Amino acid sequence: MPISKHITPHGILQRVEADGRARPLAGAGALFFDDDGQLLIVEPIYKSTWEIPGGAVEHAETPYAACVRELREELGMELGIGRLLVVDWATGTTEEPEGRVRFVFDGGTLSDERLAAIELPRDELESWACVPVEDLFVLLSGDLSRRVTAALDAAVTGETYYLENG
């Protein structure tokens, strides 16, 4: 396994052994609304709950850049995103045993024309929908429901929230 050198913020040189099993430990997504104020969510083919558009942060990628890339890959278009709404530390689950840091950005409103242009990757996403916020708890996981609820509040207050498990 390759070994690299890393200098900590305190100037201490560390030897770091690369781990070929390492996975991204962060994810980034965005909240988008339609003209009626309903939230855009996507249905993955690999799990029973819906998600907001987004995905894993890759090696040497910022959460913002990852979000823009994931939106391009998942929705088939370039979308600008706004400010950071929420940072959430999510402990491991059966599906994802390692903890993750989740970033949620403000995507703004998508016109009917932009929504009609969505092209999903059929090997990853089954469908998309714009749903009333009050219906999210039925479709999203508990952690994601809490994360989205906090992000909606952060969008209104102009603040950015730090959460733990939503």
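Select helix 4, residues 142-157: at 1.5 Å a residue its 16 residues should span 22 Å, and its end C-alpha atoms are 23 Å apart, which agrees. The expected span is 1.5 Å times one less than the number of residues. Helices (H or I, at least four residues) and strands (E, at least two) are DSSP runs, numbered from the N terminus.

This is a predicted model: local features need pLDDT of at least 70, side-chain atom pairs count only at pLDDT 80 or more, and totals for chains, interfaces and linings use all residues. Residues are numbered from 1 along each chain as its sequence is written, and side-chain values use heavy atoms, leaving out hydrogens and water.

Stay on helix 4. Show its buried residues (under 20% relative accessible area, 1.4 Å probe, protein chains only): L144, S145, R147, V148, A150, A151, L152 and A154. They pack against strand 3, strand 4, strand 6 (84-90), strand 7 (100-109), helix 3 (136-139) and strand 9 (161-164). Step just past the helix to G158, where phi is positive, about 80 degrees.

Next, pick F32 in strand 3 (residues 26-33). F32 counts as buried because its relative accessibility is 0%. List its contacts (heavy atoms within 4.5 Å). Leaving aside residues up to four places away in sequence, F32 touches Q38, L39, L40, L71, L79, G80, I81, G107, G108 and L110.

Finally, color by pLDDT, the predictor's confidence in each residue, from 0 to 100. The protein chain averages 87. Strand 4 (residues 39-44) is highest at 98, and strand 1 (residues 3-7) lowest at a mean of 44.

Note on methods
Buried < 20%, exposed > 50% of the residue type's maximum accessible area, 1.4 Å probe, protein only.
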